[in-house]
Amino acid sequence: MKIKDGLIMRTVMGKSVVVATGEAAKTFSGMISLNGTATVIWKGVEDGLSDVEIAAKLTEEYDVTAEKALADVQKLLNDMRQRGFFEE
Amino acid sequence: MNDAPNTIEHILETDGVFVGTTTGISMRPLFAERRDIIVIVPVTGRLKKYDVPMYRRGNDYVLHRIIRVREDSYDIRGDNCVLTEYGIKDDQIVGVLKEFYRKGKHGTVNDLSYRLYAVLRVATHFAVPLRFRVRTVLARVYHKLKKG
């Protein structure tokens with residue numbers, strides 16, 4: 001999984017947001033706000049982690065079972081895939 | 001993950017900040033199209049000279065610089081523009097530039113370097129049409145040399 005070139009996450013005034021720049025800005029407009037969980041997942045994808053590894057990071061940060069964390073990660077990754085956030 | 005609705009006004013109201021990129025060339029050299037990221041916050045009170053508001057022009061959002069504050073409006077101009085827009089009212093303004101990422105590097109409107117740039121840019125506005133003319137002449141010379 002690789003995030004599409006030009007989709008950049010920034011922390012602005014305490015919020016994590018994703019903005020499209022460059023070629024990606026021709027397809028995506030506006031901004032996407034990420035909550036805490038989504039931020040961890042996005043960073044995990046940026047760092048090249050697998051879904052299992054990202055889920056492990058979630059369990060370190062939140063009081064959540066490994067199974068629930070993995071389910072949440074996979075759900076969000078699927079959502080991101082459907083929105084065209086990954087290089088295909 | 002929450003998708004923000006399309007209007008910047010709504011995003012500013014609910015999130016307190018809008019983050020996006022710029023389109024067009026009107027704010028060069030500060031911002032290049034789709035390269036840089038701008039951080040817009042809601043306006044509280046009247047704006048000042050050199051502030052960069054985001055305002056509505058019909059259905060479009062415009063991000064240009066205030067060059068003069070009048071009693072009930074602003075004179076506004078893009079850093080790379082020749083023409084000035086007069087009579088921009090407070091109720092047209094949806095937000096104001098607070099921070100940015102220019103070529104990936106973070107900056108704020110309070111940075112000394114930015115403030116110097118803003119003052120100099122406005123002060124040397126007379127050079128903008130001159131730069132256009134020089135560029136046009138140079139381009140013509142280049143094409144002539146290339147042909148012959």
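1. In what follows, a polar contact means two N or O atoms within 3.5 Å of each other, where, inside protein, one has to be able to donate a hydrogen and the other to accept it; residues adjacent in sequence count only if both atoms belong to side chains. With that in hand, have a look at the start of helix 1 of chain A. A:Asn35 caps the N-terminal end of this helix, with a side-chain oxygen 3.3 Å from the backbone nitrogen of A:Thr37. Please keep in mind that this is a predicted model.

2. Staying with helix 1 of chain A, which covers residues 36-46, which of its residues are buried? They are A:Ala38, A:Thr39, A:Val40, A:Ile41, A:Trp42, A:Gly44 and A:Val45. These buried residues pack against strands 1, 2 and 3 of chain A, and against helix 2 (51-61) and helix 3 of that chain. After the helix comes A:Gly48, with a positive phi near 80°.

3. A residue to look at in helix 2 of chain A is A:Thr59. Its relative accessible area is 30%, so A:Thr59 counts as partly exposed. Beyond its neighbours within four places in sequence, A:Thr59 is in contact with A:Val64, A:Thr65, A:Ala66 and A:Ala69. For A:Ala69, the separation from A:Thr59 is 10 residues in sequence, and the C-alpha atoms of the pair are 6.6 Å apart.

4. Now to the interface. Chain A and chain B together bury about 1,900 Å², and 64% of that lies on carbon and sulfur atoms. By residue class, the side of chain A that touches chain B comprises 14 nonpolar, six polar and four charged residues.

5. How many residues does each chain bring to the contact? Chain A gives 24 and chain B gives 21. How many salt bridges are there between chain A and chain B? The count is zero. Polar contacts across this interface do occur, in three residue pairs with both partners at pLDDT 80 or more.

6. On chain B as a whole: three helices and 10 strands make up its list of elements. Their order along the sequence is β-α-β-β-β-β-β-β-β-β-β-α-α. The C-alpha trace of chain B spans about 60 × 40 × 35 Å along its principal axes, and 41% of its 148 residues count as buried. Taking the contacts in chain B with a separation of 6 or more, 51% come from residues 24 or more positions apart.

7. Strand 4 (residues 53-57) and strand 5 (residues 60-63) of chain B pair in the antiparallel sense over four bridges. Which residue of strand 5 of chain B is the bridge partner of B:Met54? That partner is B:Leu63. Two residues sit between the strands of this hairpin, and B:Gly58 has a positive phi near 70° there.

8. Some backbone geometry in the chain B loops deserves a look. Most residues other than glycine have a negative phi, and most peptide bonds are trans. The bond joining B:Arg28 and B:Pro29 is a cis peptide bond, with omega about 0°; B:Pro29 lies in the loop between strand 2 (18-21) and strand 3 (37-41) of chain B. The loop between strand 2 and strand 3 of chain B also holds B:Arg34, a residue other than glycine whose phi is positive, near 60°. B:Arg34 is at 22% relative accessibility and therefore counts as partly exposed.

9. B:Tyr50 is placed in the loop between strand 3 and strand 4 of chain B. With a relative accessible area of 25%, B:Tyr50 is partly exposed.

10. A last stop is B:Thr108, in strand 10 (residues 105-108) of chain B. Why does B:Thr108 count as buried? Because its relative accessibility is 17%, and the cut-off for buried is under 20%. A polar atom of the B:Thr108 side chain lies 3.1 Å from the backbone nitrogen of B:Asn110. Leaving out neighbours within four places in sequence, B:Thr108 is in contact with B:Lys98, B:Glu99, B:Phe100 and B:Tyr114.

Technical notes:
Residues numbered from 1 in each chain as written. Chains lettered and ligands numbered in written order. Heavy atoms only, no water. Pairing = 2+ DSSP bridges. Contact = heavy atoms within 4.5 Å. Buried area = accessible area lost by both parts, 1.4 Å probe. Salt bridge = Lys/Arg side-chain N within 4 Å of Asp/Glu carboxyl O. Nonpolar A, V, L, I, M, F, W, Y, C, P; charged D, E, K, R; others polar. Buried < 20%, exposed > 50% of the residue type's maximum accessible area, 1.4 Å probe, protein only.
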